[in-house]
Amino acid sequence: MRQLKVNSPNDQSGMMLLEALIAILVFSFGILGMVAINARAVQAATDSQSRADAARFASEIASLIALNVARDATNGVSTASLQTFAHQTTGTGCAFSGTASTQAAVTQWVASVTQAGRYGGLPGATASRIQILVDTDAAAFNRVTITMCWQPPQDSERSHQLVAYVN
């Protein structure tokens, strides 16, 4: 004959503790996920701010060039004057070299782009990562190409390029 074993309350001892530990583990994973999402959101917001700043800086120098370029008697752009705004015209990628512009507007602008600080320029931007190409060829219609590169801390290099025509 078979005997039936009756479960006693002691057979369930420790189950509540195990359930509580599993609940804490699931809750911890949820909190870690929220922290990771928040960190990514902060990084995206910072990157977005840097890109907006780069667009603002590029637009600013394009406007300064258009306002400060010399005009001839017929109010046309003096190509010789426009060429003086060229800055670091050689190099590839984000490693530019060549002659730096001596135009006051350009040197002040480069200083503001590379300025460190909370409300300064672009993070990791240097003078060798900024280029202003000026093409005064008749087919180019006085094209000015402004390229800026920067590198946020612990992130990959970013760049922004603006093409403007000075007429």
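This is a predicted model: local features need pLDDT of at least 70, side-chain atom pairs count only at pLDDT 80 or more; totals for chains, interfaces and linings use all residues.
Trainee: At what angle do helix H1 and helix H3 pack?

Mentor: Helix H1, residues 15-68, and helix H3, residues 104-114, pack at an angle of about 170°. Their axes are 10 Å apart.

Trainee: Are they roughly parallel or antiparallel to each other, then?

Mentor: Angles over 145 degrees count as roughly antiparallel, and H1 and H3 are therefore roughly antiparallel to each other.

Trainee: Which residues make the contact?

Mentor: From H1, the contact is made by Phe 57, Ala 58, Glu 60, Ile 61, Leu 64 and Asn 68. H3 contributes Ala 105, Val 106, Trp 109, Ser 112 and Val 113.

Trainee: And how do those residues divide into nonpolar, polar and charged?

Mentor: In the contact of H1 with H3, eight residues are nonpolar, two are polar and one is charged.

Trainee: Changing topic, how much space lies in the largest pocket?

Mentor: The largest pocket holds about 280 Å³ of space. It is lined by 18 residues, and those closest to its centre are Ser 50, Gly 117, Arg 118, Gly 121 and Pro 123.

Trainee: Where does the largest share of that lining come from?

Mentor: It comes from H1, which supplies four residues. By class, the lining of the largest pocket has seven nonpolar, nine polar and two charged residues.

Trainee: What about the second largest pocket?

Mentor: About 160 Å³ of space lies there. Its lining consists of Val 42, Gln 43, Thr 46, Asp 47, Ser 50, Pro 123, Pro 152, Pro 153, Gln 154 and Asp 155. Four of these residues are nonpolar, four are polar and two are charged. Ser 50 and Pro 123 were also named for the largest pocket.

Trainee: With which residue does Asp 47 form a salt bridge?

Mentor: Asp 47 pairs with Arg 158, and the closest N and O atoms are 2.8 Å apart. Side chains of opposite charge can pair when their charged atoms come close.

Trainee: Where in the chain are those two residues?

Mentor: Asp 47 is in helix H1, whereas Arg 158 is in strand E5, residues 158-165. The pair links distant parts of the chain, 111 residues apart.

Trainee: How many salt bridges are there in the whole structure?

Mentor: A search of the whole structure finds six salt bridges.

Methods: Residues are numbered from 1 along each chain as its sequence is written. Side-chain values use heavy atoms; hydrogens and water are left out. Axes are lines fitted to C-alpha atoms, for helices over the stretch in contact, and angles run from 0 to 180 degrees between N-to-C directions. Angles under 35 degrees count as roughly parallel, over 145 as roughly antiparallel, 65 to 115 as roughly perpendicular and the rest as oblique. Contact means heavy atoms within 4.5 Å. Ala, Val, Leu, Ile, Met, Phe, Trp, Tyr, Cys and Pro count as nonpolar, Asp, Glu, Lys and Arg as charged, and the others, Gly among them, as polar. On a 1 Å grid over the protein atoms alone, a cavity is a set of points where a 1.4 Å probe fits but cannot get out, and a pocket is an open set with protein on both sides within 12 Å along at least five of seven lines; lining residues have an atom within 4 Å of a point. Grid points are joined across faces, edges and corners, and a volume is the space filled by probe spheres set on the points. A salt bridge is a side-chain nitrogen of Lys or Arg within 4 Å of a carboxyl oxygen of Asp or Glu.
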